[in-house]
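Please consult the sequence and the structure shown here.

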Amino acid sequence: MKNLALLSVLIVATGCGNMSKPTAVYEPMETNSLRAPAYPLVTIDPYTSAWSFSDKLNEEETKHWTGKPFPLLGGIRVDGKSYRFMGREEIPLLPVLETAASMKWEGVYTETKPTGNWMAADYQPAGWKKGVGAFGTDGNPNRETPWNTRDIWVRRSFDLGEDVSKETLYLKFSHDDNIEIYINGMEVATTGRGLNYDLIKEIPAEVIASLKPTGNVIAAHCLNDVGGGYVDFGIMKKVKRGDTFEAVAEQLSAQVLPTQTFYTFRCGPVDLDVIFTAPALMDDLNILSSPFNYLTYQVRSTDGASHDVQIYVEATPQWAVDKVEQPVTFERGSKKGIGYLKTGTAEQAVLGKKGDDLRIDWGYFYLAAAESDRTALKMNAYYDSKKEFMETGTLSADGGRTSGDMQKEMTVLAFTDNLGRVGDKKTGGLLMIGYDDLYSIQYFNDNRMAYWKQEGKVDIMKAFEDGERLYPELMKRCGEFDKQMMTDAAAAGGKSYAELCALAYRQAIAAHKLVTDKEGNLLFLSKENFSNGSIGTVDVTYPSAPLFLVYNPDLLKGMLNPIFYYSESGKWTKPFAAHDVGTYPLANGQTYGGDMPVEESGNMLILTTAIACVEGNADYAAKHWDVLTTWADYLQKEGLDPENQLCTDDFAGHFAHNTNLSIKAIMGVAGYGKLAGMLGKKDVEAKYMQTARDMAAKWVEMAKDGDHYKLTFDKSGTWSQKYNLVWDRLLGFNIFPTEVAATELAFYKTKQNAYGLPLDNREDYTKSDWIIWTACLTGSQADFDALVNPVWKYANETSTRVPLSDWHMTSNGSQRGFQARSVVGGYFMRMLEKKLMK
């Protein structure tokens with residue numbers, strides 16, 4: 001979405017009406033024109049993470065990064081009229097056009113790609129077959145017509161028995177996997193991979209305007225690239241009942257900066273800013289690990305008159321459960337001037353679950369705010385709270401109705417702020433959204449608290465108290481950081497590159513949890529989001545490392561520490577590095593089904609060397625010298641021509657003689673040599689650096705394939721991205737001839753598609769983090785731009801609306817798999833290059 005130009009200012013405005021104190025006004029310190037695939041809202045850790053999966057904050061329900069509902073609903077009342085600016089209610093709906101769940105419906109379909117404008121109402125589907133909805137593979141509910149091919153195109157013609165021009169209409173649809181749906185030729189919905197039943201998407205006004213009494217068409221294309229397939233769709237209308245937000249605020253802009261997401265809305269005669277801020281400042285680990293994010297709201301009149309304004313925000317207990325059928329409890333209270341609402345599961349099985357597609361169901365979710373005569377906090381039945389706000393502009397002090405059974409009746413945690421008379425000066429307030437997970441990680445059978453708790457010395461209410469007190473300072477620091485990071489990124493790689501980095505920043509950090517071990521050593525543990533749920537995965541740490549090398553290498557040490565400990569404690573006895581230390585959040589030892597000997601050993605040696613280069617000393621390496629020596633010796637023996645083994649790109653299949661994996665081994669051996677030299681071990685340095693040079697020379701001879709270098713040593717006519725080669729120049733090894741990188745970059749430019757450079761010759765898909773690394777091979781800005789601009793285009797145009805996927809198709813920009821992963825920290829490789837090459 002294009003964004004309005006905004007000034008980089010921080011000012012103080014005088015309060016209006018019944019404002020009790022002046023209000024700081026916050027505006028973006030930079031602009032970002034990138035339309036995010038999904039917008040980060042609350043990004044605390046892998047569990048407390050909420051996103052908007054659409055262009056407009058009020059278009060869809062807000063969701064956890066996995067796609068499950070994490071509802072936040074926002075309303076504003078202006079002179080008695082209410083508007084919805086965030087999320088979407090559970091809307092009572094009536095069918096206009098039934099789905100297969102209630103009525104079999106007839107359509108036409110083809111499993112061969114049609115020519116022409118197949119989604120248009122007047123398209124003639126000659127040769128298409130007749131079928132009855134729903135369409136799909138065996139086992140799907142209401143499946144009538146079998147569909148077992150990769151693609152299906154479906155058209156459903158319909159007439160209207162009523163005038164719907166003034167109705168609020170919704171598309172109701174089910175899909176497995178990627179689907180795109182059109183009404184009368186206009187796109188209404190697109191999704192990424194996944195199986196979802198009965199999704200609801202509001203139909204845009206221009207599409208409703210196109211509907212005629214007869215001759216309308218819903219057309220869909222569904223791509224089933226894995227597992228089962230399913231297609232069903234219909235149209236619903238909203239029931240007008242007076243306790244939901246009928247009017248929708250007009251979104252004027254949306255943009256993502258490194259620590260903040262900014263929205264602006266037109267709400268009748270006033271404009272509303274909504275700012276989501278994660279204090280993700282890596283120079284302050286207490287702040288970085290904070291258990292809350294800020295939601296800031298600011299309002300001003302646009303017509304020269306003053307207006308009576310109230311703000312409403314609600315959440316549901318879905319934030320504190322894995323599944324909606326889990327019973328929950330509630331609490332309302334205050335402490336030291338902070339009011340709060342609290343909810344969590346009744347069972348409280350702390351650290352009782354592990355896995356990938358999983359949400360936390362222990363600990364407690366909070367809404368918290370400073371108490372004042374303006375604000376109110378209340379728990380009440382789902383529609384009762386909204387009705388009370390829309391009628392009165394506030395929430396009464398009496399107790400509301402709560403239910404521990406969300407399936408029987410949903411309870412909401414609601415907050416209101418009566419801003420009073422608002423003029424042309426911005427005024428507003430803040431709400432804190434937080435989570436106390438009690439214990440965060442089990443580390444080799446020892447339950448560890450989050451870093452911010454300081455071994456139990458700080459509780460959640462103290463954290464909220466500090467959050468309220470530090471709010472002006474942290475908002476200022478976040479704004480200044482956003483500006484500086486965007487400036488530095490643009491200087492390193494250009495404006496588009498800076499915009500990608502802004503989108504990647506919070507995603508990379510929030511895929512980790514910061515704790516310490518018993519001895520106080522940092523543990524910055526990643527969750528391998530939507531790829532298998534492993535914790536502390538080395539080949540996830542490796543691509544994410546550039547971000548942390550740029551801003552705080554201690555955090556990278558916190559990623560490596562568990563792997564070092566695993567070997568040094570004797571719990572891992574193999575002569576190469578482990579893949580992981582468990583399945584999140586249980587870090588009790590490797591659970592992955594296969595080893596990656598060359599991959600992970602090379603990763604550990606390279607990253608330890610990178611830490612030394614950034615810090616200017618090898619002190620960290622000295623602490624782990626024995627195990628680094630073991631891994632370096634393994635790479636000397638096994639790394640030049642690797643046997644058939646897994647590597648980080650195992651999703652593409654593993655094979656022997658992998659040339660890019662061989663480069664990693666060579667970089668690892670050279671890294672060990674460099675570390676030895678930094679520690680004064682000159683004879684060791686000479687030996688290992690010469691070994692690395694000899695290996696590099698043999699690599700060139702074995703991998704050369706005319707105008708490029710092979711994917712595997714034994715297969716001519718193949719190619720792959722040699723992203724591991726980036727370290728040769730950045731870490732000062734310089735053991736490969738410079739023409740290797742130049743040759744590869746020239747060749748890559750002939751292989752690019754619209755949305756990027758494929759990973760190798762086998763498939764259309766790519767990894768965007770590796771593209772950024774590959775783009776840094778030569779140091780040329782022209783080479784960098786050539787490879788990175790298509791990645792920006794992918795992020796800006798992909799039809800897959802999920803937190804940034806690092807694995808996508810280069811021909812059409814759709815997600816192939818993975819989302820919300822920390823590996824996008826690898827986008828910061830260009831900034832790391834500039835830092836190391838000064």
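Which residues in α6 meet which residues in α8? From α6, the residues Val-538, Asp-539, Thr-541, Tyr-542, Ala-545 and Leu-549 take part, and they meet Glu-599, Glu-600, Asn-603, Met-604, Ile-606, Leu-607, Ala-610, Ile-611 and Val-614 of α8, where contact means heavy atoms within 4.5 Å. The residues of this contact comprise 10 nonpolar, 2 polar and 3 charged (Ala, Val, Leu, Ile, Met, Phe, Trp, Tyr, Cys and Pro count as nonpolar, Asp, Glu, Lys and Arg as charged, and the others, Gly among them, as polar).

The model is predicted: local features need pLDDT of at least 70 and side-chain atom pairs pLDDT 80 or more, while totals for chains, interfaces and linings use all residues. Residues are numbered from 1 along each chain as its sequence is written, and side-chain values use heavy atoms, leaving out hydrogens and water.

Helix α6 spans residues 538-551 and helix α8 residues 597-615 (helices are DSSP runs of H or I with at least four residues, strands are runs of E with at least two, and both are numbered from the N terminus). Their axes lie 9 Å apart and form an angle of about 15 degrees (axes are lines fitted to C-alpha atoms over the stretch in contact, with angles from 0 to 180 degrees between N-to-C directions). The two helices are therefore roughly parallel to each other, a term for angles under 35 degrees.

There are 4 cavities of 30 Å³ or more (a cavity is a set of points on a 1 Å grid over the protein atoms alone where a 1.4 Å probe fits but cannot get out, and lining residues have an atom within 4 Å of a point; a volume is the space filled by probe spheres set on the points, which are joined across faces, edges and corners). The table describes two of them.

| Cavity | Volume | Lining residues by class |
|---|---|---|
| Largest | about 170 Å³ | 11 nonpolar, 5 polar, 3 charged |

Of the 19 residues lining the largest cavity, Ile-44, Leu-288, Ser-289, Ser-290 and Ile-509 are the closest to its centre. At least two lining residues each come from α2 (285-288), β24 (292-301), α5 (495-510) and β34 (512-516).

The backbone also deserves attention. Most peptide bonds are trans, and most residues other than glycine have a negative phi. A cis peptide bond joins Gly-133 and Ala-134, with omega about 10 degrees, and another joins Asp-176 and Asp-177, with omega about 5 degrees. Glu-455, which is not a glycine, has a positive phi of about 55 degrees.

Notes
Parallel < 35°, antiparallel > 145°, perpendicular 65-115°, else oblique. 1 Å grid on protein atoms, 1.4 Å probe; cavity = no way out; pocket = protein on both sides within 12 Å on 5 of 7 lines; lining within 4 Å.
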